[in-house]
Amino acid sequence: MKKGLYNTGALILDSFDYGESDRIITFYTSGFGKLKGIAKGARRSRRRFVGKLDILTEIKLIFFHNEKSDLARVEDAALVDPFSRVKSDVAGFSGGCCMAELVSEMTREGQASPQVYGLLRDFLKLLDSCAGAEAGALTRFFEIKLLALLGFMPHLTGCVVCKTDIREGAGIFFVPDKGGAVCRPCCAAAGAAPGFSMSAGTAMFLSSAARFDMGQLPRLKPGAACLKESEKILDGFIKHQLGRELKTKKFLAKMNAAANIESCIKSY
Ligand SMILES: [Zn+2]
């Protein structure tokens with residue numbers, strides 16, 4: 001990427017205050033991939049940047065890139081879509097933050113993918129247009145589609161070891177470090193920790209979700225058990241790929257634990 005001034009659409013993946021008045025953002029662009037930038041004086045010149053550099057916002061961004069600096073200089077921003085409903089709903093906001101963090105963690109700086117940009121924007125729009133109850137399913141759809149797009153699709157149609165097809169009731173496991181499904185006899189033969197148990201229905205749901213385009217997704221109607229199993233499998237697989245858990249997931253686990261303690265105290 002050459003030194004110069006750039007004008008591009010961008011999705012804000014992360015945003016935090018820096019020093020007395022600046023703000024540092026991580027953003028994803030269609031043409032240049034993921035980048036980091038600094039908006040000098042962003043908190044002083046409120047009219048110029050207010051609401052435009054918040055996480056989960058789509059903007060038209062003008063920035064200056066200099067090869068000598070890791071941070072682009074944010075010159076100006078115009079709001080395209082603030083995804084206001086996503087931000088006003090806990091489930092929606094949590095889902096959106098998971099999506100943004102996954103893009104941020106699974107992509108390298110400056111590596112462009114218009115498909116990743118389109119996928120994130122389409123899912124944020126979808127999340128913004130529907131009720132929070134759909135947020136869990138949409139987040140699972142997004143996770144498996146992003147993994148497939150980036151070349152990390154787990155193997156789900158048969159056992160990765162003996163290649164037998166997955167059959168309902170046969171007892172299969174999802175083993176992250178094997179990259180997908182492993183049947184019970186192969187797990188036993190390897191003496192391996194069985195990973196996560198996975199039904200044939202969940203395996204079918206995840207492979208269909210990765211393959212289907214946005215228009216076809218409403219045809220998939222996963223039940224609560226399938227979504228719960230999918231979440232465990234995808235969390236385990238993503239953690240294995242990254243070598244750590246996503247910050248958003250950690251935060252949500254803590255929040256759920258706190259909510260449980262509160263509900264336990266209330267029901268006591
Ligand atoms: Zn096997």
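## The barrel

Ile-25 stands opposite Gly-37 in strand S3. This pair belongs to the antiparallel contact of strand S2 (residues 22–29) with S3 (residues 33–39), in which seven bridges are found; strands here are DSSP runs of E with at least two residues, helices are runs of H or I with at least four, and both are numbered from the N terminus, while two strands pair if DSSP finds at least two bridges between them. The model is a predicted one, in which local features need pLDDT of at least 70 and side-chain atom pairs count only at pLDDT 80 or more, whereas totals for chains, interfaces and linings use all residues. Residues are numbered from 1 along each chain as its sequence is written, and side-chain values rest on heavy atoms, with hydrogens and water left out.

The strands S1, S2, S3, S5 and S4 close, in that order, into a five-stranded barrel with mixed pairing. Within this sheet, neighbouring strands are turned by 45 degrees against each other on average, direction ignored; axes are lines fitted to C-alpha atoms, for helices over the stretch in contact, and angles run from 0 to 180 degrees between N-to-C directions. Helix H3 (residues 90–106) packs on this sheet and touches S1 (4–18), S2 and S3, its direction making about 115 degrees with that of S1, where contact means heavy atoms within 4.5 Å. Another helix, H4 (residues 114–129), lies across S1, S2, S4 (58–65) and S5 (72–81), and runs at about 55 degrees to S1.

In the loop between S5 and helix H2 (84–87) lies Phe-83, which has a positive phi of about 45 degrees although it is not a glycine. Most residues other than glycine have a negative phi. Phe-83 counts as buried because its relative accessibility is 0%; buried means under 20% relative accessible area, exposed over 50%, and partly exposed in between, with a 1.4 Å probe and protein chains only.

The ideal angle for four tetrahedral donors is 109.5 degrees. A search of the whole structure finds zero disulfides, a disulfide being a pair of cysteine sulfur atoms within 2.5 Å.

Cys-159 is buried at 2% relative accessibility, and Cys-183 is likewise buried, with a relative accessible area of 11%. Cys-186, which has its place in helix H6 (residues 184–190), counts as buried at 14%, whereas Cys-162 counts as partly exposed at 36%. Leaving aside residues up to four places away in sequence, Cys-186 touches Cys-159, Val-161 and Cys-162. Cys-186 also lies 13 residues from Phe-173 in sequence, and 9.9 Å from Phe-173 in space, C-alpha to C-alpha.

Lys-163 is found in the loop between helix H5 (135–149) and strand S6. Although Lys-163 is not a glycine, its phi is positive, at about 70 degrees; with a relative accessible area of 60%, Lys-163 is exposed.

## The three-stranded sheet

Strands S7, S6 and S8, in that order, form an open sheet with antiparallel pairing. S7 and S8 stand at the edges with a single partner strand each, so that one side of each is left without a neighbour in the sheet. On average, neighbouring strands of this sheet are turned by 45 degrees against each other, direction ignored.

S6 (residues 172–175) directs Ile-172 and Phe-174 one way and Phe-173 and Val-175 the other, and all of these residues are buried.

Helix H8 (residues 224–242) lies across S6 and S8, and runs at about 135 degrees to S8.
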